[in-house]
Amino acid sequence: MTPNLNLWLIPTLPLAGAAINGFFGKKSSRGAVSAVGLFFSGAAFAWALSVALRFSSLELPYQEYLAHWIRSGNFTVDFAFYLDQLSLVMLLVVTGVGFLIHIYSVGYMWDDPSYYRFFTYLNLFMFFMLTLVLANNYLLMFIGWEGVGLASYLLIGFWFTKDSAASAGKKAFIVNRIGDFGFLIGLFLVIQHFHSLNFSAVFEQVRPIAPETAGAGLLTAIGILLMVGACGKSAQIPLYVWLPDAMEGPTPVSALIHAATMVTAGVYMVSRSHLIFERAPLALTVVAIIGTLTALFAATIGVTQTDIKKVLAYSTVSQLGYMFMACGVGAFSAGIFHLMTHAFFKGLLFLGAGSVIHAVGGEQDMRNMGGLKTYIPITFSVMLIATAAIAGIPPLAGFWSKDEILWKAYEANPVYWVIGAITAFITSFYMFRLLFMTFWGDYKGINVDDHGHAHAAHGHSEHGHGEPHESPMVMLAPLMILAFLSLVGGLVGIHNAFQHFLDPVFGSEFPKAVTEGAGNTEWLLMGISVLFSIAGLVLAYTLYVAKPYLPQKIADSLGRFYSAVLNKYYVDELYAKIFVKPLVNGSTAVLWQGVDRRVIDDTVNNAADGARHVSDEVRHMQSGNLRSYAGWIAAGAAVVLAYMIWRGVAR
Amino acid sequence: MVPLSYYLLLSGILFACGVTGFLIKRNIITIFMSIELMLNGVNLSFVAFAAHWHVLAGQVFVFFVMVVAAAEAAVGLAIIIAVYRTRETLNVDQVNLLKL
């Protein structure tokens with residue numbers, strides 16, 4: 001007996017919040033706006049929790065039909081929801097972390113003149129994200145997928161009067177379009193061959209297909225196209241370029257959308273389609289390679305960045321790479337595990353960074369921070385926890401999930417493991433670098449003011465004069481909760497409990513032979529990766545606390561290579577040269593000057609001109625002179641008569 | 001017996017005279033008379049056909065036309081007198097207040 005869960009409430013509640021704040025927020029007080037925003041996101045979280053409590057009594061996967069949408073022949077798409085272990089995890093992460101970030105935003109955005117707009121967008125984002133997670137077919141998922149893209153665009157460009165924010169929003173939107181193109185083509189292939197977009201119906205037909213080991217076939221094509229979509233949304237090579245720019249948005253947005261939830265949608269989508277990927281080894285390899293390369297590539301860029309949010313952005317790209325690496329080696333549950341712990345510690349890191357930025361009055365450059373641990377001790381301690389978690393120091397959350405991924409990667413191919421472990425070392429290094437630059441040493445922000453330079457971009461808030469100050473409680477409480485989750489969140493992975501929880505979804509249809517002595521190897525690898533993490537910590541300490549003159553020396557000795565990394569390997573410039581410029585020039589020459597002006601404009605203008613010229617001639621008939629009218633009538637009558645006579649004679 | 005075509009030819013000549021007069025004359029009284037000429041040209045063809053086909057409808061039509069012509073003459077002459085009193089001219093080219 002399956003009770004009715006009313007799953008539709010979960011996405012609809014935030015939508016109601018967005019509607020209320022959107023329509024009435026402008027006239028309401030800040031208190032009312034926050035109450036609406038918090039109530040509806042909190043209610044969604046509460047409902048998700050109540051679903052989780054009743055979860056064990058459900059027959060899974062639980063499906064809920066809301067309304068029909070498209071019926072065309074025997075092809076149907078419905079508004080219907082789908083709940084299994086995977087969507088439950090996503091549901092709790094999205095609503096839980098989302099609710100915490102809503103609370104945080106009350107404090108962070110309080111002084112912003114467009115306060116209500118922020119909460120409207122934030123609730124709208126929650127609606128689309130929950131639709132994405134709960135959809136029971138690819139098309140409804142795609143609605144959510146596009147919707148979160150829209151919300152992301154709106155929130156990146158939230159301070160749209162700033163040019164850089166507006167163009168960052170556009171960049172995110174356009175780059176995502178490229179990914180969505182692949183996603184859509186993949187869906188068309190699915191429709192063509194399986195005549196449905198419904199998860200259960202598609203997977204039912206995929207299940208009996210044998211793996212395409214011999215070469216690339218239909219499933220490989222679908223898998224790679226879906227991966228193209230995931231690359232766009234989850235910021236993987238080659239479509240990652242939008243995510244670092246997305247840091248133009250307010251920091252809570254970076255935490256919620258560009259770290260904890262939206263960017264993980266690609267991982268969710270790939271995991272959801274795991275039946276397709278498992279039967280397409282080539283597509284899986286593509287996923288693994290993209291993930292591994294992205295992890296390493298983004299991590300190296302993170303080392304050189306000095307903007308605190310940019311470091312975290314590249315770190316996010318890198319961690320998403322880990323998740324795809326896990327998916328690519330077939331360890332989907334490890335990927336989802338890392339997705340969850342990453343949501344905790346990366347959300348916390350961003351919120352902590354927001355708290356730091358708040359403390360120093362809008363400054364984001366870490367070189368102008370330093371010594372903050374005495375000014376803002378609570379923020380410091382939660383940042384310390386989060387940094388240790390992402391660096392993979394046991395027993396914090398990141399350690400468990402990252403170790404799981406590395407172990408699975410090793411089983412698949414040691415090369416992945418080597419790159420993953422190096423990335424773990426780099427991750428640990430740049431994260432502790434961030435921590436040391438921000439919190440150790442002397443506070444440098446005041447010096448900047450003393451020298452009479454303009455205080456760097458104040459962002460939205462007007463404080464930041466005088467000493468750095470701790471954030472209000474409404475911002476600190478979510479930080480503490482997330483810190484707690486970062487501390488213990490990994491413990492669900494002990495004895496593979498989390499993996500077993502997800503087993504009904506991912507199954508083990510193709511069990512891998514258990515290697516002899518695997519236990520020992522696993523312990524050894526774990527030891528190595530912990531050593532790597534600590535090495536990163538030690539190196540960062542040496543360079544940024546003990547001998548702060550060294551980094552510049554190293555940078556100088558690296559010369560060209562360093563400046564390439566500092567400039568993000570010139571990828572943006574490369575894309576501008578290869579794709580953007582030809583497109584812009586081509587559009588200008590052909591589409592604008594050629595098609596638009598020569599063809600479309602000229603057709604319209606010439607038609608109008610022609611009509612005017614003809615009328616100009618013909619208007620002389622209407623002279624207003626009565627006798628000329630009579631003359632025309634007589635002439636006309638004469639013509640008609642002549643014609644009739646001629647006809648008569650001819651016959 | 002005079003053939004039908006003679007009547008029709010005469011009717012056409014009368015009508016054409018009326019049209020020509022209407023088009024080339026400036027005096028409004030003359031124009032008025034030209035209209036009467038056209039009407040009578042039409043009347044002639046009506047009665048000619050009526051006699052030829054032995055149908056009375058044509059002759060009845062002529063009475064209608066004459067009634068209309070009489071009414072028109074009454075109203076038209078009244079208008080002409082009114083125009084002459086205000087504008088002191090019978091030249092239609094000078095009665096052009098409504099023209100741009």
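Colleague: How do α3(A) and α15(A) run, roughly parallel or roughly antiparallel to each other?

Modeller: Two packed helices are described by the angle between their axes and the distance between those axes. In this predicted model, helix α3 (residues 85-108) of chain A and helix α15 (residues 332-359) of chain A pack at about 5°, axes 10 Å apart. Therefore α3(A) and α15(A) are roughly parallel to each other (angles under 35 degrees, between N-to-C directions on a scale from 0 to 180). Helices are DSSP runs (H or I) of at least four residues, strands (E) of at least two.

Colleague: Which residues of α3(A) and α15(A) make the contact?

Modeller: Contact asks for C-beta atoms, placed from the backbone, within 7 Å. From α3(A) come L86(A), V89(A), V93(A), V97(A), I101(A), Y104(A) and Y108(A); α15(A) brings I336(A), M340(A), A343(A), G347(A), L351(A), G354(A) and H358(A). That's 11 nonpolar, three polar and no charged residues, with Tyr counted as nonpolar and Gly as polar.

Colleague: And how do β1(A) and β2(A) pair?

Modeller: Pairing takes at least two DSSP bridges. Strands β1 (residues 62-72) and β2 (residues 75-83) of chain A have nine, in the antiparallel sense, and Q63(A) sits opposite Y82(A). The two form a hairpin with two residues between them, and G73(A) in the turn has a positive phi of about 65°.

Colleague: Where does pLDDT stay under 50 in chain A?

Modeller: pLDDT is the predictor's confidence per residue, 0 to 100. Chain A averages 87, but residues 447-465 stay under 50. Where pLDDT is low, don't read the coordinates in detail.

Local features here need pLDDT of at least 70 and side-chain atom pairs 80 or more, while totals for chains, interfaces and linings use all residues. Residues count from 1 along each chain as its sequence is written, with chains lettered from A and ligands numbered from 1 as written.

Definitions and conventions:
Angles under 35 degrees count as roughly parallel, over 145 as roughly antiparallel, 65 to 115 as roughly perpendicular and the rest as oblique. Two residues are in contact if their C-beta atoms, placed from the backbone, lie within 7 Å.
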